[in-house]
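Okay, thanks for making time this morning. Let me put the chain up on the screen, and then we'll walk through it together.

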Amino acid sequence: GENGPTPPVPLAPLAALPATSAGPQQPGAAPAASASRDAALAYVGTGNFIVGRLGRECLAIVGRTESPQEFVAQWQQRNALYVDAAAKYMEKRLQEAAASGGDDKRAAVQKSMRDAVLGSGEVEVRGMLQNGRREESCMRAISLLDAGGLDISPKTPMYKELEALVLWARQ
């Protein structure tokens with residue numbers, strides 16, 4: 001909008017999880033943090049951001065009645081395996097950061113993840129909406145989402161990392 005960027009619709013499971021559900025880490029347990037899991041988390045977060053932003057920018061324009069939140073919730077349901085694994089990883093990642101460097105490190109990790117999601121999400125949304133008239137761009141984008149274009153599947157570029165994140169979350 002003209003008043004600066006619209007805040008992203010948060011990943012619902014991230015907000016719903018109590019901050020202390022995992023308890024103390026087992027001695028000798030491998031740390032959760034990994035570049036592969038960070039990348040998978042960013043991928044899920046970016047998908048969530050894109051769906052939310054397109055919902056806010058386009059649903060009304062194309063005559064859809066659901067709210068952007070409902071639109072995101074539908075995407076989260078279809079991708080629940082990955083959304084839930086990402087939420088669990090984010091929680092553990094932030095716990096580890098706080099344990100090793102206090103609230104400042106926790107906040108820095110959270111900001112870095114959020115910045116990665118916002119950066120790539122904004123670029124994707126701009127790319128989807130910049131061509132042609134707004135109504136046509138929105139119709140194309142919403143049709144793509146309705147057809148599962150942002151749903152995670154074996155065709156997803158980071159599928160191997162996303163599957164590994166799910167396996168990690170099941171431990």
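So, one bit of bookkeeping: when I say contact, I mean heavy atoms within 4.5 Å. With that in hand, look at the contacts in the protein chain between residues at least 6 apart in sequence: 79% of them join residues at least 24 apart.

Now, the caveats. This is a predicted model, where local features need pLDDT of at least 70 and side-chain atom pairs count only at pLDDT 80 or more, while totals for chains, interfaces and linings use all residues. Residues are numbered from 1 along each chain as its sequence is written, and side-chain values use heavy atoms, with hydrogens and water left out.

What have we got overall? The protein chain has six helices and zero strands; those are DSSP runs, H or I of at least four residues for helices and E of at least two for strands, numbered from the N terminus.

Let's go to α4, which covers 80–129. A straight helix of 50 residues would span 74 Å at 1.5 Å a residue, the expected span being 1.5 Å times one less than the number of residues. But α4 spans only 27 Å between its end C-alpha atoms. Look at Gly 101: α4 bends there by about 140 degrees, taken as the angle between axes fitted to the seven residues ending there and the seven starting there.

Next, the inside. Of the 171 residues, 38% count as buried, meaning under 20% relative accessible area, against over 50% for exposed and partly exposed in between, with a 1.4 Å probe on protein chains only. The largest nonpolar core has 40 residues; a core here is a set of buried Ala, Val, Leu, Ile, Met, Phe, Trp, Tyr and Cys joined through side-chain atoms within 4.5 Å. Among the members touching the most others are Val 44, Leu 54, Leu 129 and Leu 165. Which helix gives the most to this core? That's α4, with 14 residues.

Leu 129 has partners including Leu 54, Cys 58, Cys 138 and Ala 141. Cys 138 is also 9.7 Å from Ala 60, C-alpha to C-alpha, though they're 78 residues apart in sequence. Ala 60 sits in the loop between α2 and α3 and is exposed, at 70% relative accessible area.

Last stop, α2 and α6. Their axes, lines fitted to C-alpha atoms over the stretch in contact, come within 9 Å and cross at roughly 105 degrees. That makes the pair roughly perpendicular, a label for 65 to 115 degrees. Where they meet, α2 brings residues including Tyr 43 and Val 44, and α6 brings Leu 165 and Trp 168, among others.

Note on methods: Axes are lines fitted to C-alpha atoms, for helices over the stretch in contact, and angles run from 0 to 180 degrees between N-to-C directions. Angles under 35 degrees count as roughly parallel, over 145 as roughly antiparallel, 65 to 115 as roughly perpendicular and the rest as oblique. Lists of a residue's contacts leave out its neighbours within four places in sequence.
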